[in-house]
Amino acid sequence: MTAAVPLVGPPGPPYAHRMTAIEHAKDSRPHHPAPAFAQPKLILFVFLGGMIGVAARLGLTVAIPEQRGDEWAVLTANLLGPFLLGFLLTALASRTPETPGRRDFRLFAGTGIMGGFTTYSSLATNSALLVETDGFIGVAYALGTLIGGILTAFVGIWLAGVLFPARPAPAKKGGAS
C-alpha cells in the first residue's frame with residue numbers, strides 16, 4: 001500500500017487546478033533559464049552562422065576585383081550587412097510574440113551570419129592604410145562606411161516595415177484591459 005500524497009489547493013471537490021504537494025514544489029521553484037551565453041546550443045548557432053558569414057564575405061572579396069586592397073569588398077560587406085540586419089530584425093520583431101525558434105534564428109542569422117559577414121576590423125585596417133597614402137580618402141572611406149552603414153540599416157528597417165507590417169499582439173483570454 002502506498003501513502004497518499006496530500007493535495008494542495010482549495011478544499012472541496014477535486015478541481016483541475018489542484019496539484020500534489022510534489023507537483024506544487026516543482027512548479028513553485030523559480031524558473032531561471034541560463035543566459036544565452038551559457039547555453040551551448042545557442043553558442044553553436046552563433047558559431048555556425050559566423051562561419052557562413054565569414055565564408056560569404058570571402059566570396060565577396062573573390063567576386064569584387066581588388067584595386068589597392070580589398071577595400072571595395074569590405075565597403076560592400078559593411079553596407080550590405082547593416083541593411084540585411086535591419087531588415088531581418090524588423091521582420092522578426094513584427095511577428096509577435098517572440099518564440100524560442102525565432103530567437104534561435106535571430107542569433108544564427110543576425111548575430112552569427114551578419115556578425116561574420118561585416119568586418120569592422122578590416123575597415124579599421126583599410127582606413128589606416130588609406131590614411132597613410134591619402135589622409136582625406138582614408139577618413140572619407142571610414143566615415144562613409146560608418147554613416148552609410150547607419151543609413152542602409154534604416155533602409156532595411158523601413159523596407160521590412162513595409163513588407164512585414166507589425167501584427168497586433170494576441171488578446172489575452174479572460175483578462176481585463
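Predicted model: local features only at pLDDT ≥ 70, side-chain atom pairs only at ≥ 80, totals over all residues.
Biologist: Let's start with charges. How many salt bridges does the structure hold?

Modeller: Three. Side chains of opposite charge can pair when their charged atoms come close.

Biologist: What does K41 form a salt bridge with?

Modeller: D104. The closest N and O atoms are 3.2 Å apart. This pair links distant parts of the chain, with K41 in helix 2 and D104 in helix 4. They sit 63 residues apart.

Biologist: And D104, buried or exposed?

Modeller: Buried, because its relative accessibility is 12% and the buried class is under 20%. K41 has 44% relative accessibility, so K41 counts as partly exposed.

Biologist: Where does L42 lie?

Modeller: In helix 2, which spans residues 40-63. L42 is buried, at 3% relative accessibility.

Biologist: What is L42 in contact with, leaving aside neighbours within four places in sequence?

Modeller: A36, R103, D104 and L107.

Biologist: How far apart are L42 and R103?

Modeller: 9.2 Å in space, C-alpha to C-alpha. In sequence they are 61 residues apart.

Biologist: Back to the bridges. What does E98 pair with?

Modeller: R106. The closest N and O atoms there are 2.5 Å apart. E98 counts as partly exposed at 44% relative accessibility. R106 is partly exposed too, at 29%.

Biologist: Now T99. Where is that found?

Modeller: In the loop between helix 3 (71-93) and helix 4 (100-117).

Biologist: What does the T99 side chain reach?

Modeller: The backbone nitrogen of R102, at 3.1 Å. T99 has a relative accessible area of 32%, so T99 is partly exposed.

Biologist: Change of topic. How many aromatic pairs does a search of the whole structure find?

Modeller: Two. One of them joins F87 and F164, with ring centres 5.8 Å apart.

Biologist: Why is that pair edge-to-face?

Modeller: Because the planes are at 75°, and over 60 degrees counts as edge-to-face. The pair also links distant parts of the chain. F87 is in helix 3, F164 is in the segment after helix 6, and 77 residues separate them.

Biologist: Which residues do the ring pairs link into a cluster?

Modeller: F83, F87 and F164.

Biologist: Last topic, the surface. Which residues make the nonpolar patch?

Modeller: Y120, V131, V139, L143, L146, I147 and L151. The patch covers about 620 Å².

Biologist: Which helix gives the most to the patch?

Modeller: Helix 6, with five residues. Helix 5 (120-133) and helix 6 (135-163) each supply at least two.

Biologist: Take L146. Where is its place?

Modeller: In helix 6. L146 is partly exposed, at 43% relative accessibility. Patch residues need over 30% relative accessible area, so L146 clears that cut-off.

Notes
Residues numbered from 1 in each chain as written. Heavy atoms only, no water. Patch = residues over 30% accessible without salt bridge, like charges linked within 9 Å, V, L, I, M, F, W, Y side chains within 5 Å. Areas by Shrake-Rupley, 256 points an atom, 1.4 Å probe, with all protein chains shown as cover. Salt bridge = Lys/Arg side-chain N within 4 Å of Asp/Glu carboxyl O. Helix = DSSP H or I, 4+ residues; strand = E, 2+ residues; numbered from the N terminus. Buried < 20%, exposed > 50% of the residue type's maximum accessible area, 1.4 Å probe, protein only. Contact = heavy atoms within 4.5 Å. Polar contact = N/O pair within 3.5 Å; in protein donor to acceptor, adjacent residues only side chain to side chain. Phe/Tyr/Trp six-rings, centres within 6.5 Å; stacked < 30°, edge-to-face > 60°.
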